[in-house]
Structures are given as C-alpha cells and as structure tokens.
Amino acid sequence: QLINVSASSKHWAFFIDTIYAITYGQDSLEQTKTSSMTNPAYTLSLDIDDFRQARVEQRPELTHDLIEGEICVRVDKIAMTANSISYGFAGKSGLIRYLDIYPANEGFANLPCWGYGDIVQSKHPDITIGDRIYGFLPIASHVTMVPGDISTGGFTDIRECRAVVPPFYNEYAFTKSEPGYAAEFEEAIMLFRPLFGTSFLMQSYCEDHNFYGATRIVVTSASAKTAMGFGYLMRKHFSGKIETIGLTSTKNKGFVESLDCYDVVVTYDEVGLIPVGPETLVFDVAGNEDVVAALHTRLGDTIPYSGAVGKTHWNAGAFGATRDLPGAKPVFWSAPDQIAVLRERIGSGAMMRQMGAAMIDFMMAASGWIKLSESHGPEAMAEKIQDMLDGEVGAEEGIILRP
C-alpha cells in the first residue's frame, strides 16, 4: 500500500507551567498493553529515493514469540522533526548509517525518531513488562530489542544491526528513573531534548576550540529547533562577546526575529549584506550547498571553521556536498564525537545533568510559541511527513506521530 497524499492538521496551544514538577504517570498502560497485542504489527517504511512515498508493511514477526533475552516494545509516540529527516539523508549518504539500524525491505528505509514506548513482552530476566522507555524508535507499531548494559536508569539495544551507529543512539532510558520526568512533558521532551542536545554540544564544541578565535557565528536554517537552541545558548552565555547571525527564509524572518535567539536575523538573499571583517564561524543546519557557497564567497578567509550540522533544506543537493571555496574547507560536524569528548572529560551523568539544566530554560521559553500537532495511524503519519517535506509545516509546529 503506497501513500502519497496531503494533510491538514489540528493545532492546539501548548504551555509548560513548570519543568521541575516531579510526578509520574502512565497513559492507560493496561489499555496500551491490550491494544498492542491485538492490533497487527507494522512499520511505515519510506521509499529510499523519495521519502514522500511511504508504504505500510505488516510485520507480524515484531510481536512473535520472543527468544531468551529479547523484549518487545510498543511504540507509543515519536517526534518528527527536521532532525529526523536529516538522519534519513545522512543515512543515504553513508556518513552515519542511521537507516541500517531498523532493517527495511529493499528500496525502502525505516526512519529513526526520538520518542516513547512501553515494554509489552519480555524474555529478559532483568526487564519488566510495563516499563516505559525513551530513546531512538522507528515509525512503527512495535520494535524488538535485545537489552544489554542494564542499569537502574536504562539499557542498550545490543542487536548486531545497531552496531553501525555511535553507542549514544542505542541507549534507552527508563522514565521511572529519569529525574524530573512527568508524563505531561513528554511531547516537549521528544521535540526538544535531542535537538537541544545538539545545540548544547555545538556550544561545547565552540568553547573547546575557543571559537577558533572568531567573534561571530552564522547559523543557517535559523528557524530550525537545533539552530534556535544554539542561538539561545550563545545569547545567554556569550552576549556581547560573540555575535550570532541567524540565516533564514523571507517567510520565516518575522518569526525568527520574535524568538530573540540571535543578535541579527538575515534572509538568504541578504547574505551579500553581511559585513566582512570579523573572524566568523559557519554552522550549516540547512545542508544547502548554495547557501554555504554564498557565505564562503562573501566572507572568504575570515572563516576559520565551517561545519555541516543538518539538512533542513532536503531538496538542496546531496548531504554534506562541498565545493572548492574560500575560507576553511566545510567539514561534517559530528555530535557523537563531541559526546565522546564530554563523556571522557566529565562522565555521562554530569553531561546529561548539564544538558538537562540548560534545556529547562529553553523549553520554558519555547512554550510560548510551540504548537503541537498529532497524527494518529500510518495514513495520517505518512501525510504529515509529506507535508513536512513539501514545506507545508510551519516553524512553530511540533509534530507528534502516534503509530
């Protein structure tokens, strides 16, 4: 069954009273258990050549009789962001093999997203049915895992197919052990935690390298949540020392300016107006080779570092493609590499605590403008993915998929 249709979505206001609340709740867990075992298991696989095309594949083996050591997780809800699409393009390019961790039929791909699921079957002596987890999940009703490195906080999926990506992407957290976890904040956490985590790591990377001596940073796709978070952190910690310029479309300029995340907001056709002079870092969240070329042509040898972070402009050529340009040669900036640096220096626990504390303020600020949109079931999810790829989703919309 191929799905290729347009979507309209419901929006409702989203407000976070406080992220510090520590309460715990499970959303109708018993109902979840029952429905998860009676409805057919499926994946929503995307055409590898055109992510707009999706196919529902019935996968009864996902709820098969488990072998010793396996668990079955019912996927409850996941966040679809520009970052999710970037995973797909990075996987296609071979930079990081995101599309290999959930194997799909030939010609199709299972896109990984961040979200929540419930353990509905377990053949592992240390994993309990009913526990809720957060981590990397496919757009699917269920997923089978083999837990390893189990602790009170979570576990790692040690299936062989997961070994192709950095370990960070294979780790799952038990919500019952997450500090400050509250069920009412799950949507915000899904949308912002992985994206703001990248923002946090970008800031950490800049500090580790003393900003390469630069006093200015240009961030493309300034309306993307990763770019927003980075701009927010830069303004909070380095205002007056490092100038941040957010590069965005004419359509999104007003919205980006209202965020107050950047010192200056410039549209893509205004690159030629950026003053030349200060040493300037470039972080390309858009993945648009033409935009990067325009920046390098304008700023030339004043660019000591140029890093490719994401690909929100999915129609703008191959991911990570570069040309012979003035200034520092554009390179692929790796969040997993910076995670490894921080883990070695301060440990995983301290890194996550610092990241979480930094995210609280940003999430509180974002609560004033984010609008949630939920899509239930494979058809609605496929429609929303296509809308996103067609540019019909506003920068303020937070997309939640409910398999």
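Colleague: At the start of α7, which backbone nitrogen does a side-chain oxygen of serine 334 reach?
Modeller: That of aspartate 337, to within 3.2 Å. Bear in mind that this is a predicted model.

Colleague: How many residues does α7 have, and how far does the helix reach?
Modeller: Helix α7 has 12 residues, 335-346. From first C-alpha to last, the helix reaches 16 Å, close to the 16 Å expected at 1.5 Å a residue.

Colleague: Which residues of α7 are buried?
Modeller: Ala335, Pro336, Gln338, Ile339 and Leu342. They sit on the same side of α7, because the arc they cover around the axis is only 155 degrees.

Colleague: What do those buried residues pack against?
Modeller: Against α3 (186-208) and α8 (348-366).

Colleague: And on the other side of α7, which residues are exposed?
Modeller: Asp337 and Glu344. Asp337 is also the residue whose backbone nitrogen the serine 334 side chain reaches.

Colleague: What follows α7?
Modeller: Glycine 347, with a positive phi near 90 degrees.

Colleague: Changing topic: what pLDDT does the protein chain average?
Modeller: The average is 85, and 88% of the residues score at least 70.

Colleague: Where is confidence lowest, and where highest?
Modeller: Lowest in strand β2, residues 12-13, at a mean of 27. Highest in strand β13, residues 216-219, at 98.

Colleague: Over which residues is the pLDDT below 50, and how many contacts does that stretch have beyond near neighbours in sequence?
Modeller: The stretch is residues 1-38. Beyond near neighbours in sequence, the model gives this stretch 91 contacts.

Notes: Residues are numbered from 1 along each chain as its sequence is written. This is a predicted model: local features need pLDDT of at least 70, side-chain atom pairs count only at pLDDT 80 or more; totals for chains, interfaces and linings use all residues. Side-chain values use heavy atoms; hydrogens and water are left out. Helices (H or I, at least four residues) and strands (E, at least two) are DSSP runs, numbered from the N terminus. The expected span of a helix is 1.5 Å times one less than its number of residues. Buried means under 20% relative accessible area, exposed over 50%, partly exposed in between (1.4 Å probe, protein chains only). The arc is that of the directions from the helix axis to the C-beta atoms. Contact means heavy atoms within 4.5 Å. A polar contact is a pair of N or O atoms within 3.5 Å; within protein, one must be able to donate a hydrogen and the other to accept it, and residues adjacent in sequence count only if both atoms are side-chain atoms. pLDDT is the predictor's confidence in each residue, from 0 to 100.
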